[in-house]
Structures are given as structure tokens and as C-alpha cells.
Amino acid sequence: MSHPSSDAVRLVAIRDTPLDVTEVLDALGDDGAGGLTLFVGQVRDHDGGKGVTALDYSAHPTALARLEDVCRRVAADHDVRGVAAVHRVGQLRIGDLAVVVATTAAHRGDAFAASRALIDTLKAEVPIWKHQVFDDRTEEWVGTP
């Protein structure tokens, strides 16, 4: 059963405080959902063959509106009951959660497809940029236009 996309978008946020997987799961609670697919992106200690020592995320002022739009589109394009996406900004440490996205659907296949579309579209379209400092003291911006 399809639901209007506005009803399906349950949680969308960009924040500078630690992310909580339980908050996302709670936002998607639904007795009609047979499957919930969760993706958690965390800060790793390496990238491109170099050790990462520091990382921060910056968001353009339009980032939240763009993230809301991505969530609405994913909800409209997939047979889901719920969609949630939360991204962290600011200084993060190795192991910190950078992004949490999840979708619920009556069936697992729809939840998997929607969550994959959600994280891939978020990464491609939402203006949030990663600044990495490596152990050789070089730096890199990722995702900037």
C-alpha cells in the first residue's frame, strides 16, 4: 500500500551533535512495516591510502532543504512507509557517526532499494562537504562543487 510521500518522511535533520541510531529507528516505528533498512556512515581512519587524523563536515545553508527534497523524492519513487535521514556537521573523530539513513516498507526489497537510493542521492546532491586532514599533514576537501 502506497502512502503519500509527505506522510512517509519522518525525520530529516542536519546537526552538530552526535547522531543516535535509536532516534532514527524510533521515528520509523510502524506496525505495517515488514522491513526496515538502516545505513550508518561512520568516520574511518583512512581514505585513498592515507591515514585520516581529523575530519569535519560543513553544510551549505540550503543543505537541509535539499535533504528534505531528497527524502520526499525517495518516498515518492519507492513503495515505502517511512524515510529518515540525519547528517552530522562539525568536527568528528574516528568512529563517530556521520550519517544515518533508514527506510521502512511492507517488504524488504522496497526498503533496501529505497535506502540505497536515499544514501546515494544524498551524497550526490546535498551540499555537505568533508574536510579531511591526513597523517602526512596534507588536506583534502571532498564533495565540493
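1. Helices (H or I, at least four residues) and strands (E, at least two) are DSSP runs, numbered from the N terminus. With that in hand, look at helix α4, where aspartate 120 and arginine 116 are 4 residues apart, which means that about one helical turn separates them. The two form a salt bridge, with their closest N and O atoms 2.9 Å apart. A salt bridge here is a side-chain nitrogen of Lys or Arg within 4 Å of a carboxyl oxygen of Asp or Glu. Aspartate 120 counts as partly exposed at 40% relative accessibility, while arginine 116 counts as exposed at 58%. For these words, buried means under 20% relative accessible area, exposed means over 50%, and partly exposed is in between (1.4 Å probe, protein chains only).

2. A word on what you are looking at: this is a predicted model, in which local features need pLDDT of at least 70 and side-chain atom pairs count only at pLDDT 80 or more, while totals for chains, interfaces and linings use all residues. Residues are numbered from 1 along each chain as its sequence is written, and side-chain values use heavy atoms, with hydrogens and water left out.

3. How many salt bridges does a search of the whole structure find? The search finds 9. One of them joins arginine 81 to aspartate 30, with 2.8 Å between the closest N and O atoms. Arginine 81 sits in the loop between α3 and β5, and aspartate 30 in the loop between α2 and β2 (35-42), so this pair ties together parts that are 51 residues apart in sequence. Arginine 81 is buried, at a relative accessible area of 18%.

4. Another salt bridge links glutamate 125 and arginine 73, whose closest N and O atoms are 3.0 Å apart. Glutamate 125 belongs to helix α4 and arginine 73 to helix α3, so the pair ties together parts 52 residues apart in sequence. Glutamate 125 is partly exposed, with a relative accessible area of 30%, and arginine 73 counts as partly exposed at 33%.

5. Now for the inside. A nonpolar core is a set of buried Ala, Val, Leu, Ile, Met, Phe, Trp, Tyr and Cys residues joined through side-chain atoms within 4.5 Å. The largest one has 26 residues, and those with the most contacts inside it are Tyr57, Val80, Ala85, Val101, Leu118, Leu122 and Val126. Two or more residues each come from β4 (50-59), α3 (63-77), β5 (82-88), β7 (97-105) and α4 (108-125). Which element gives the largest share of this core? That is α3, with 6 residues. Apart from this core lies another, of 10 residues, including Leu28, Leu97, Val100 and Ala102.

6. Not counting residues up to four places away in sequence, leucine 122 touches Leu67, Val70, Ala85, His87, Val99 and Val101, where contact means heavy atoms within 4.5 Å. Isoleucine 14 lies in strand β1 (residues 9-15) and is partly exposed, with a relative accessible area of 23%. Leaving aside neighbours within four places in sequence, isoleucine 14 is in contact with Ala59, Ala63, Leu64, Leu67, His87, Val89 and Ile128. Isoleucine 14 and alanine 85 are 71 residues apart in sequence, yet 8.6 Å apart in space, C-alpha to C-alpha.

7. Next, the strands around β7. Two strands pair if DSSP finds at least two bridges between them. β7 pairs with β2 in the antiparallel sense over 8 bridges, and glycine 35 has alanine 105 in β7 as its bridge partner. β5 and β7 are also antiparallel, over 6 bridges, with histidine 87 opposite valine 99 in β7. Is β7 mostly covered or uncovered? β7 is mostly covered, as 9 of its 9 residues are buried.

8. Strand β8 (residues 128-134) is mostly covered too, with 6 of its 7 residues buried. β8 runs antiparallel to β4, joined by 7 bridges, and tyrosine 57 stands opposite lysine 130 in β8. β8 also runs antiparallel to strand β9 (residues 139-142), joined by 4 bridges; here valine 133 has glutamate 139 in β9 as its bridge partner. The hairpin of β8 and β9 has 4 residues between the strands, and in it arginine 137 takes a positive phi near 75°.
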